[in-house]
Amino acid sequence: MAGHQDPNYVTENPFEGRGRAMKGNDFPDTGYGFVVGGGFFITMFIIAVIVEAAVRL
C-alpha cells in the first residue's frame, strides 16, 4: 500500500485547485491575441503615416 513513505508518492498541489488546465480549444485565444497584437501595430503604423503626412504639409 502506497503511503507518504513511498518515494513515488505524489501529493496534489493545493494551489492548483481541481481544474488545473483549461479544457477549451486554444484556437480562439490565439486568434484574439493575433488580432489584438496586429491591431496595435496597424494602429501605430496609421498614426505614424498621419504624423508624417502632417509634417510634409
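Phe41 counts as exposed, at 60% relative accessibility. Here exposed means over 50% relative accessible area, buried means under 20%, and partly exposed is in between (1.4 Å probe, protein chains only). Phe41 is found in helix H1. Helices (H or I, at least four residues) and strands (E, at least two) are DSSP runs, numbered from the N terminus.

Areas come from the Shrake-Rupley method with a 1.4 Å probe; for residues, only the protein chains shown count as cover.

## Basis of the model

This is a predicted model: local features need pLDDT of at least 70, side-chain atom pairs count only at pLDDT 80 or more, and totals for chains, interfaces and linings use all residues. Residues are numbered from 1 along each chain as its sequence is written, and side-chain values use heavy atoms, with hydrogens and water left out.

## Aromatic pair

The count comes to 1 aromatic pair. Phe40 and Phe41 form this edge-to-face pair, at 5.2 Å centre to centre and 75° between the planes. Rings of Phe, Tyr and Trp (its six-membered ring) pair if their centres lie within 6.5 Å; planes under 30 degrees apart count as stacked, over 60 as edge-to-face and the rest as tilted. Phe40 is partly exposed, with a relative accessible area of 48%.

## Salt bridge

The whole structure holds 1 salt bridge (a side-chain nitrogen of Lys or Arg within 4 Å of a carboxyl oxygen of Asp or Glu). Arg56 and Glu52 make the contact, 2.9 Å from N to O. Both lie in helix H1 (residues 27-56), 4 residues apart, about one turn of the helix. Arg56 is exposed at 67%; Glu52 is partly exposed at 43%.

## Whole chain

The protein chain has 1 helix and 0 strands. Buried residues make up 0% of its 57 residues. Its accessible surface comes to about 5,800 Å², and 68% of that belongs to carbon and sulfur atoms.
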